2 protein chains.
Amino acid sequence: MAQRIEIVEGILNANDRLAAQNRARLEGARLFSINIMASPGAGKTSLIEQTARSLGSTLRLAVVEGDLATSLDADRAAAAGARAIQINTGGECHLDAVMLQGALDQLDLASLDILLVENVGNLVCPAAFRLGTHKSVLVASVPEGDDKPYKYPASYQGVDALVINKVDLLPYVSFDMERFRRGVAMLNPGLLTFPLSCQTGQGLEAWLEWLVTEARAVRQGI
Amino acid sequence: MAQRIEIVEGILNANDRLAAQNRARLEGARLFSINIMASPGAGKTSLIEQTARSLGSTLRLAVVEGDLATSLDADRAAAAGARAIQINTGGECHLDAVMLQGALDQLDLASLDILLVENVGNLVCPAAFRLGTHKSVLVASVPEGDDKPYKYPASYQGVDALVINKVDLLPYVSFDMERFRRGVAMLNPGLLTFPLSCQTGQGLEAWLEWLVTEARAVRQGI
């Protein structure tokens, strides 16, 4: 058992070292990058589609899509106008820094303004593996229920921003926004939060403004 | 690397051996058992609540709840009338056979008719770890989207039944049932499927009938 723990710690440390290398490359290219995590079906790809459609005419976006199988998400991101790279994890339940490194090798980083990395749909495993991006974003969604911060605390603890997607479904499901927000506040006080709907477009503006502001700050080396 | 693979294979084999022991205990007690898997928020706990409320007066149900943290789900199952055991996995992204073994130790198996095991909300990891239950059930839900069988194939491949929950939300989301079912049929032809809504009760009857029939068969040693 001790041996297995040592090996696992070794893997995590190697990942952190590679994540630091990724970050240095992104900083060097002044390319703002985010790691987008969520349950399957919370709307990561829809958020990326909406972002690419809205910002694609003024900013240069690339998307790295992590999936167990298929290139369905990369196809959607590309159709929305973004440069898209697909990573198939071959069954792994999360992206790691070496997978992102391989994707960065395929991109001309200096020619881009924003890099959106879509992690594997999973509320547990991705939280343990840094990729080296500037920010981590969690996408929650209303039909998942208001108990998720309580049940999947690690996913909420480590992130820099929270999107609450599918607010258009609030009238049709039992979701107590106050209970949800109390759970989030307990784990990550003052967390930047964007309630929105990728379906109706409601609330997207604040999210897009945040991205643009952050990307500008990285571009200017602030 | 070779060494790591050997260790991981060792863990999986040990899990399979323990799963076989769990199954022998369940068979010995003639206790029908299912392993319920799904994304976070697909409705596993709601399905268990509805099942306990509907069958609790005629059958003796117990529920084993697997979560990273909290006893929220066990509390809900207990409030619905079931005997409930909580397993906190301490961060592990799935249940395994040794965790179920510990839960079985706390139950008087011979006094029960149906054992419902709720796995950690995760569409990736639980599929790789047998628990020893008679059947595995996947709960999908309409707001997750119709692309999930294509993107998380392993979860759909290994199961004996599929619940499609939240069909009451079909009018409010874009979900192509034909596309979803084609994906499922490709991975698991002829899979027994129960479209239903735990919110409205629609479709629950077929699910309950299946459980009762299966439990009776196990009870009678068929």
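Copies here are superposed by least squares on the C-alpha atoms of residues with pLDDT of at least 70 in both. On that basis, chain A can be laid on chain B with an RMSD of 0.0 Å by a turn of 180° and a shift of 0.0 Å along the axis. That is how a two-fold axis relates things.

A bit of housekeeping: this is a predicted model, in which local features need pLDDT of at least 70, side-chain atom pairs count only at pLDDT 80 or more, and totals for chains, interfaces and linings use all residues. Residues are numbered from 1 along each chain as its sequence is written, chains are lettered from A and ligands numbered from 1 in the order in which they are written, and side-chain values use heavy atoms, with hydrogens and water left out.

**How the copies meet**
- Of the interface residues of chain A, 100% are also interface residues in chain B, so the copies meet through the same surface (contact means heavy atoms within 4.5 Å).

**Salt bridges overall**
- Searching the whole structure turns up 20 salt bridges over all chains (a side-chain nitrogen of Lys or Arg within 4 Å of a carboxyl oxygen of Asp or Glu).

**Within chain A**
- A:Arg179 pairs up with A:Asp146 in a salt bridge, and their closest N and O atoms are 2.7 Å apart.
- A:Arg179 sits in helix α7 (residues 177-187) and A:Asp146 in the loop between β5 (135-141) and α5 (148-151), so this pair ties together parts that are 33 residues apart in sequence (helices are DSSP runs of H or I, at least four residues, and strands are runs of E, at least two, numbered from the N terminus).
- A:Arg179 is partly exposed at 25% relative accessible area, while A:Asp146 is buried at 10% (buried means under 20%, exposed over 50%, partly exposed in between, with a 1.4 Å probe and protein chains only).

**Across the chains**
- B:Asp73 and A:Lys151 meet side chain to side chain in a salt bridge, 2.5 Å from N to O.

**Within chain B**
- B:Asp113 and B:Arg60 form a salt bridge whose closest N and O atoms are 3.0 Å apart.
- The two are 53 residues apart, with B:Asp113 in the loop between α4 (97-105) and β4 (114-118) and B:Arg60 in the loop between α2 (44-55) and β2 (61-67).
- B:Asp113 counts as buried at 11% relative accessibility, whereas B:Arg60 is partly exposed at 42%.

**A shared network**
- A:Glu49, A:Arg76, B:Asp147 and B:Lys148 are joined into one network by salt bridges that share partners.
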